[in-house]
Structures are given as C-alpha cells and as structure tokens.
Amino acid sequence: MKEIRIHGRGGQGAVLAARMLASAFVAEGKHVASFPMYGFERRGAPVVAFTRVDDVPIREKTQIYTPDCLIVIDPGLLTLPTLFTGLKPGGVFILNSGKKLEKQPDKNLKVGGVVNATQIAVDEIGRDIPNTCLLGAFAAASGWLKLESILNALPDYLSGDILQRNLKSAERGYREVEVTKW
Amino acid sequence: MVSAQKGQVRVITGNAVGAYGALLCRPEVVAAYPITPQSEIAEQIAQFVNNGELDAEYVEVEGENSAMNVVLGASVAGARVFTATSSYGLVFMYDALQETSGYRAPVVMVNANRETPGIHAVSSGQQDMVSTRDTGWVQIIVENDQEILDQIIMSYRLAEDNNILLPVMVNYDGFYLSYLAEAVEIPLIEDVDAFLAPLKKQTPRQKLVPGVNIGCGTHGIEMGYVEARYKHCQAMERVKPKVDEIDKAFGDYFGRYYGGQIEEYRTDDADIIILASGSATGTVRTVVDSKREKGIKVGLVKLRLFRPFPAERLIEALQGKKAIGVIDRSVGFGWKYGPICTELRALSREIGTAPILSYIDGLANLDITIPHIERVVDELDTAAKGKPYQEVTWIPMEE
Amino acid sequence: MVIKHKNIFPTESPWSNTDKLLLCLDTGSWRTERPVLDREKCNYCGLCALYCPPQCMRDKGDYYEVDLAYCKGCGICATECPRKAISMVPEGEFADG
C-alpha cells in the first residue's frame, strides 16, 4: 500500500487533487481511499488530503501518519514542523516552488520533484490553481502513475475550456518537473 | 433468482453517494438543510432535481426542524421521502424526530455523524446518534461509501414494510466517510426499482387525503397512549430479523452482503472480540489480521444495527468468549462506560463471565489509530488470561 | 486510568480567560491577497472596520489600517468602502508575502 499526503490551502484544489489522483489510480485497476481533513471549510485554511492506494481493498480509515509521498501545494507550508514526521524511507516529495531544492529536505526522502506549478497554472489556466500541474509532476517523479491515467481522470471533474487548460497544465507539470534523487 | 446487472463504478465521496442513494430510490419529496459535514448531499440532490434527474419536490426549508416536519407531513400523505442532517441539525429536529416515529412514518434519513453541542466541534463523532437513540427511530451504522449507498436502498425496503413502518436513520462518520472518495458501484435504477418492488405489492398504507375523514397522530389518552407505544416497541422487535432478511435479499440480488444486524469477522475461533462500529471497523479489521498472524485469536464484531439493539445476535456471537472490548466513538453521560458498552453490559448474564472493557476513542476528529487498536487487543488478551485489567479507558486522555 | 493529558481549561466547565489566548489561529497566513488603502480617498467612515469579519481593521486616528496578522483577504472591506479606497492586491506582489 502507498500512502500519499497532500498539503495545501483551501481554494488551491488540494481536495480535488486527491480525488483526481484516486480516479487515476482506479483507472489503473488499483483500490483507493482518499479524504481531506479540515475543521473550518474556508478559503485559505490549511487542508490536508490523505490518499491510500493498494492492490487490495483499503480498510483503514485514519489519517496518514507514515506517508510514502508528500505533495506540497503551497510552499508556505514547508515551515510546518511536522511535515516530514513519519515519512517512510524511500519517500517521494513533490513541491510547488519556483526555487530549486538546495538540499535533501529529509533523510528519508529518495526522490524530489520541484515544479513552478503556480506559474504554469497562471500561464495555462489564468489562475493560481496549481493542483493539476502537480499531479503531472507527481506522475513523472514517482513513476507510480501514467500521465495518461491522470489526463483521463480530469474529465470526471472538469469540462469545456477549463478542462483543456488543466490538461495542458498537467502535461507541463509532467514534462517540466525537476527531479532530484538522493 | 435474477441478479442485478453490474452498476457503474465511480470514484465519489460519501456525501455524493448519499445523494445517489436518494436518487436511485425515487423519493417524491426531499427537504434538507445543509450542515457540515453533510452539505454536499443537500446541494447534490438539489442539482439532481434541477436538472431533471430526480423527479421530486425539493422543499427549501430554513432549518432542520422544518425539514423533518416537511418530510413527515409528506410521508403521512403517502409520499416516499428523504432527508439528511448531522449533529446540531439532528438535535434541532428532536421533537420532529419523535413525531415521525410516533406517527410510524417511513422516513429515511442519512445522518453524517458529528459531535453535538456543548463543546463546539465541527468534527466526527457518534454523539449525535447516541443523543437521539430514544427517539424511536431505527438506527444503522455503516463502514464505507459502498455501504452508505446499499444501506439507503435497504432502508426503504425496511421502513416501508407494512410490518415495520418505522423511520430509519443511516449513520456514517462525518469527515471520515462524508468526504472519503472511494470507488463505488452505483447500481442501475431499474435494479433498485426491482429490489424495492415488493413494497408495491403490499396493501397501500394509510395516508392523509384531503376531503377524506382520516387523521393521524391524534391524542392518546391513557390506554390509547399505552397501546401506541406498545405497538411501536413490538415493531422495533420485528426490525431485528427483518434487517437480516433484507440483507440476505440484497446480497442475493446485488452480490454484496453485510451481515444484517451485525457482521462477524474471524469470530468463530476467537478468544477475544472487539465490538466496534462505523468507519473505525475498517481499521480494526487490519489489526485483527496482523494480530492473528502473531497468534492472537482476536475477532471483530461490527455493530450495524444500533436501534433496536441486536441483543440476540450479539449474545450468539459473544457467548463463551474470554474478553470483549467495546470501542465507543461517543460518551455516555450517566455511566462510566461508553454508550454501546453500557448497552452490551445489559446482556452480561447471557453472554457469560467474560470481562467487558470499555474504550472511548475517536472523538472530535481524533483518529482511532492502528496503535490504539493494537493496545486494545493486548489489553483484552491480558484480561482473557485472568490478569487485572482497566474497565474503562478514555484513550485520548491517556496520551 | 493514568491520565497524561494536561488540562487546557482551569475550570470545570469550558470557561476561558479572554485576556489570554486560548485558540489563536494565525489567519493572516491564509490569505492570497491583501487590502491596500489609498489614504487620499479614505474619509475615515469606519465601514471597513464595521464589516470586517475577523475585526482586524485598526483605528489609526484618521484612517483605518488592516492588521495583517489576522487579515484573511476576504475583500469585504474593499467591497463595502463607499469611496472605493481599498483595493485587493495579490500577496505575491509584496516582499513580505
């Protein structure tokens, strides 16, 4: 089983990203369970979304304490002291940032993928909604999903012009993510 | 017997599933007020009605008390109805809940479990269900998104059965299930129609009709009151075997069985048992399997039916066991044990001499984690061996 | 039961001393845009302060200034200002944003 934890803020699409991820994995024949945790449903409030993926049905209904992968949509959240707590060895880290990763953020991390998803989103979608771009980056950096599965999952959630723009954003995330391995 | 066709598999949240459950059962009147963590059900059903997918009268109400009164009125006028709420909303309709069951109106409602007023918490917990257990409703608790959908369908078959005629509350953990996206198989509406078709073969139930001299819910003076309450309680007793019967019929038709009043997981040869309900049961299954691999004979009894309390099935499942741990996701004011534990203890004499340990955990969005459950198993193991044990544990207070 | 939890409330029922902070959410970190006041246009009417949901408009004597520690960037002040003296500017455009 793989456990993915997504950190974002309300309005950035963290919750939707977790659901799109779930759809993409289901399309590849996996079992998924994905849910967010937030107290107050407001824009700007920090949101955490938990996605579990496995070849067998997922029974646990708890938050994720030992993630295999962290996706951070808002770079401001990097200062969270507990961000990397419990990260399993061989972990994957996907970060939305315009700056490169200077050093290995945590000793348990094996793969880091950085992409300026905010910029790409503003370019392609016209708004700072970096979620789909980061999903593309995730597919490329982790190798756990085909880009195709993500692109096929998006129409379940978006349509029309906004769908096309997000497809481009996801594709660019896939191609432009800078992957570092430790 | 003919089976249902395979439905469409979609990745959707528990709330969306609640709305689909309503859609598939074709209610004629819906009145629901939004409240976290259920808001999306009210919104989604409104969308279904708006785009013509659901042919229902959607009454916009200004609060949950009105919501229950609206669906009660529609129900006694003969309509199939649906509503949804949570916590503050559920207690806001407290008087209407009792009217509904007293009138024997077959209302089906989903309740996204959330903590109740007193200490403001926008978070998961079963306190709302527990605080309405004496309203005369059937209360069922589910474990995952698929079960929400399936149970809504089964609830209509239960509620509208002429031998039952009781309102049914389908409880699922807010936050843990309401926003949980999982792959869910959505049956075809024709198959749901077929499953609910036996209800149409019954003598139509009494209903209010303008111009016809018939009343409902009149004063019960002395023996009128006693008789109505007696009949209500008798109906509650009939719910128990009926839940098992409907579960079997559902499983035979759709291919998914849930066990009825309770589900027993690896209990046959178990020495120790954990009794749990709701989404946490999924986590308990994982621990049961891992502890079994270490040689501990532990099993899980998943409580599905809370009201009426499935006494007979529980006695059968727990008789002769060496220790039982009850995980309550709520508190019992007036007893030191959690609510479900207190009720189980009423069956102590029939169950035997096994120690019954009470665990209160998972309040206010605090997880019932794998380490917590492992601790429960270890303590049950100790108690089963005759060693001293702690009768009541509030797990979060000990951390 | 061995209780390890350290009480948050000193009293039996959940009373809290509002001199001390019980729960202070760092809501200023939530916003994605902030209100910027054009002092020339401001006539000190106080409507922005009145409508501000977290009540973070501070009285500066002849104008109102937002308390950025708590401002969530909802934009209600900008909408309500009768002089259109407040504009909402994306956080990215500020050095401390």
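Reader: Hi! At what angle do helix α7 and helix α8 of chain B pack, and how many Å apart are their axes?

Author: Hello! This is a predicted model, and in it helix α7 (residues 145-159) and helix α8 (residues 189-200) of chain B pack at an angle of about 15°. Their axes are 8 Å apart.

Reader: Are α7(B) and α8(B) roughly parallel or roughly antiparallel, and why?

Author: Angles under 35 degrees count as roughly parallel, and α7(B) and α8(B) are therefore roughly parallel to each other.

Reader: Which residues meet there?

Author: From α7(B), B:Ile153, B:Tyr156 and B:Arg157 take part. They meet B:Val192, B:Phe195, B:Leu196 and B:Leu199 of α8(B).

Reader: Is the crossing of α7(B) and α8(B) left-handed or right-handed?

Author: That crossing is right-handed.

Reader: Okay, new topic! Which domains is chain B divided into?

Author: Domain 1 covers 8-254 and domain 2 covers 262-398. The C-alpha centres of these domains of chain B lie 28 Å apart.

Reader: How many residues are in contact between domain 1 and domain 2 of chain B?

Author: In chain B, 26 residues of domain 1 are in contact with 21 residues of domain 2. On the domain 1 side, α6 (127-130), β6 (138-141) and α9 (223-254) of chain B each supply at least two residues.

Reader: Which of them gives the largest share?

Author: That is α9(B), with five residues. By class, the side of domain 1 of chain B that touches domain 2 divides into 13 nonpolar, seven polar and six charged residues.

Reader: Let's look at chain A now. How many residues does the contact take from chain A and from chain B?

Author: The contact takes 20 residues from chain A and 22 residues from chain B. On the chain A side, α1 (14-27) and β2 (31-37) each supply at least two residues. The most comes from β2(A), with seven residues.

Reader: Nice. Which strand of chain B does β2(A) pair with?

Author: It is strand β8 (residues 181-186) of chain B, and the two pair in the antiparallel sense over two bridges. For instance, A:Ser34 has B:Ala181 of β8(B) as its bridge partner.

Reader: Last one: how many residues of chain C are in contact with chain B?

Author: Six residues of chain C are in contact with eight residues of chain B. The chain C side has four nonpolar, one polar and one charged residues.

Terms used:
Residues numbered from 1 in each chain as written. Chains lettered and ligands numbered in written order. Predicted model: local features only at pLDDT ≥ 70, side-chain atom pairs only at ≥ 80, totals over all residues. Contact = placed C-beta atoms within 7 Å. Helix = DSSP H or I, 4+ residues; strand = E, 2+ residues; numbered from the N terminus. Pairing = 2+ DSSP bridges. Nonpolar A, V, L, I, M, F, W, Y, C, P; charged D, E, K, R; others polar. Axes fitted to C-alpha atoms, helices over the stretch in contact; angles between N-to-C directions. Parallel < 35°, antiparallel > 145°, perpendicular 65-115°, else oblique. Left-handed = near helix turned anticlockwise from the far one by under 90°. Domains from an automatic or database assignment.
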